[in-house]
Amino acid sequence: MSERLSLVRSSTLNTNRIFIAAMGAISMGIGAGFAAPPETIELNAATRERCVQVLREGLASEEFWPAMHAAEGLTYAGMGSEVLSALALRKATDDQQQCGLAREAVRAGDRKPIARMLAILEDEKSIGRTHAAESLFKVSEVGNGSALRGAASQDRDLKLKLMAEAALARCGHPSDLDDVRRYLTHDDVEVRKSAIWILGQIGSQEDVAPIERMMASEKEPLTRAYCAHAAALQGSAAGRAALGENLQSEVPAVRTYAADFATFCRATEYADRLIKLLDDTTLDVRVRSAQALLAMAQPRGVLEIPLAAKGEDISRDVYAATAANPRYSEGSVIALADNTLLYATTEFVGGGADHATARIIARTSNDRGRTWGEPRVLQENTGKQNVMSVTLRRLKPDAITGPLGMFYLVKNGPDDLKVYLRISNDEAATFGSPILVTNAAGYHVMNNDRVTVLSSGRLVCPIAWTDDVFKQGGGHFVSFCYLSDDEGKTWRKSVDQVDQPKRGAMEPEVVELSAKEVLLIIRTQDGRIATSRSSDGGDHWSAPSEFSVPAPESPATIRRIPATGDLLLVWNNNYAAGTNHGGKRTPLTGAVSSDGGKTWQHTRNLEAEPNAAYAYTSIAFHRDRALLSYYVADEKTGRISSRFRSLPVRWFYESP
């Protein structure tokens, strides 16, 4: 923790100047006893220009950490491209500075350096591990979560532990904050300060009283400032007043820290003090003050920072059905390298049946799914009937950037349905020539958003197969997998297949449980989700078992939650024997398992309208949120729309 070494001679005070990405805390307002300050401030042209000048001077400075803070401020002032250009010319002297450069590049819109932060976190010899955890916290990124969970589980380095727990908690871990609270009374003041800082940003009202008590008893100015600013972020009147006083402190680090937090407490009543600090003798004070003023001159919510949507439930029917296009269904969502969301789905033309004419289209969102651009065609219809059921996947394990695969079905008839793959190396701007995945005769069903990339690098396509879906008596399905060990260039069928009674084993899904075990889940007609397990990456499969939850004849979707390692299941939580398909496709429900699917907890409905149907869910995790898509069928019109839903990961652990 070395970013303030020019201000405070301690390698443990890195948390003093962390950019608080808790816009949700801003919305909590100020504590009792204050008149509400104005939402925004007005800056004249000269002051605005002075703020930008201060940040540019800071970015060009030889003082490394103030330069990173200036990068932060310029990014949130809308100058991310300028920041990326400057960062590309900057050299790091150690892993701590590597984390600073990586973090600010990610903030400015380039997600590639997330991999660098994760690599430093995993390197037990690196001096930058705490910086890496802290930086991942700031940008709300956890990768697959395993490195952070490992850091959080150890007790040798408590500051690393707390920062890892903070990153996991920000991205949805339901209990890590409780562990952080235990360290509020730790003997080591630096450990206490870390806990205070974390709880100020992502804690709750229950943390205000103990932090205020500590603020009253602490003698050392910087430690007292930690308490005050943390309390202010949680709505404390005393903390907010102290923040204003700290802007005038004789201690440079306290002034810097106060200016930093003024942004996110939206302390517009202190604008005059911040303007004066633009001429402070300490560069970091000037930088943080400029950042605060520019931020508070913008309407609330304009800054797109981690946790800007804290608690927000974003639900949009991005593809609304019409008479001309009565069905939009089977979607997939992925985050591109610049944090743009790409949402692809099947657009049916003239009819809504599975064999009607269809193609795959996509829209993008630059504001985390609140608004979406115009559609474009990703895959024209090359089948005699249609193309449908898209999956968007990176083709390497836990990849954030790199080759992007688009899997889709080409349907020629009831006995000819095949899976194809096209690969993009330019973030979905273009895709290469089709690669045939299922190189055999018959009807190969692979649902949307189904491909799994194992930690070994193997690609697994779960397939339900029948020779003819419309033959007399109905086609009987068996499930197996197609496997690739060369990033999709070549494919082979698994050795084993799985069967079920009646119509068979339908619409399978695969999730990796460990490096040695893969779980297959299967749609059945018996009121249950069937399962099978493989210990060799999907080649051989165990005798079928089942989950403990009821289910109609409808597909279920399963994923691993990065922050916790738990499994998330989304399915239709009902079964009515003797009815069509064993019951309606409503409600659409989520549940969590921490024991590999043996038991399920935190059962909660995503949708429950009785006169609608919900199915064919996709799930992706991006920063602190779960991104879902699913079809919404209107019983009255028969039309099917495709809905995007974004929820905080922690929503799946909360009581309704």
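Colleague: What share of the 656 residues of the protein counts as buried?

Modeller: The share is 63%, where buried means under 20% relative accessible area, exposed over 50%, and partly exposed in between, with a 1.4 Å probe and protein chains only. This is a predicted model, in which local features need pLDDT of at least 70 and side-chain atom pairs count only at pLDDT 80 or more, while totals for chains, interfaces and linings use all residues. Residues are numbered from 1 along each chain as its sequence is written, and side-chain values use heavy atoms, with hydrogens and water left out.

Colleague: What makes the protein as compact as a globular protein of that length?

Modeller: The protein has 17 helices and 25 strands, both being DSSP runs numbered from the N terminus (helices H or I, at least four residues; strands E, at least two). Its radius of gyration is 26 Å, close to the 26 Å that the globule rule gives for 656 residues, so the protein is as compact as a globular protein of that length. The radius is taken over C-alpha atoms, and the rule is 2.2 Å times the number of residues to the power 0.38. Along the principal axes, the C-alpha trace spans about 85 × 50 × 45 Å.

Colleague: Why is helix α15 called largely enclosed?

Modeller: Helix α15 covers residues 252-264, and twelve of its 13 residues are buried, so the rest of the structure largely encloses it. Among them are Arg 255, Tyr 257, Asp 260 and Phe 264. Arg 266 follows α15 and has a positive phi, near 50 degrees.

Colleague: What makes Asn 611 partly exposed?

Modeller: Its relative accessible area is 43%, so Asn 611 is partly exposed. Asn 611 lies in the loop between β22 (601-607) and β23 (612-622). Leaving aside neighbours within four places in sequence, Asn 611 is in contact with Lys 584, Ala 633, Asp 634 and Glu 635, contact meaning heavy atoms within 4.5 Å.

Colleague: How do you know that the peptide bond between Thr 586 and Pro 587 is cis?

Modeller: Omega of that bond is about 0 degrees. Pro 587 sits in the loop between β20 (567-572) and β21 (588-593). His 581 lies in the loop between β20 and β21; its phi is near 60 degrees, a positive value in a residue other than glycine. His 581 has 35% relative accessibility and therefore counts as partly exposed.

Colleague: Why is Ser 389 called buried?

Modeller: Its relative accessible area is 6%, so Ser 389 is buried. Ser 389 belongs to strand β6 (residues 386-394) and has a positive phi of about 60 degrees although it is not a glycine.
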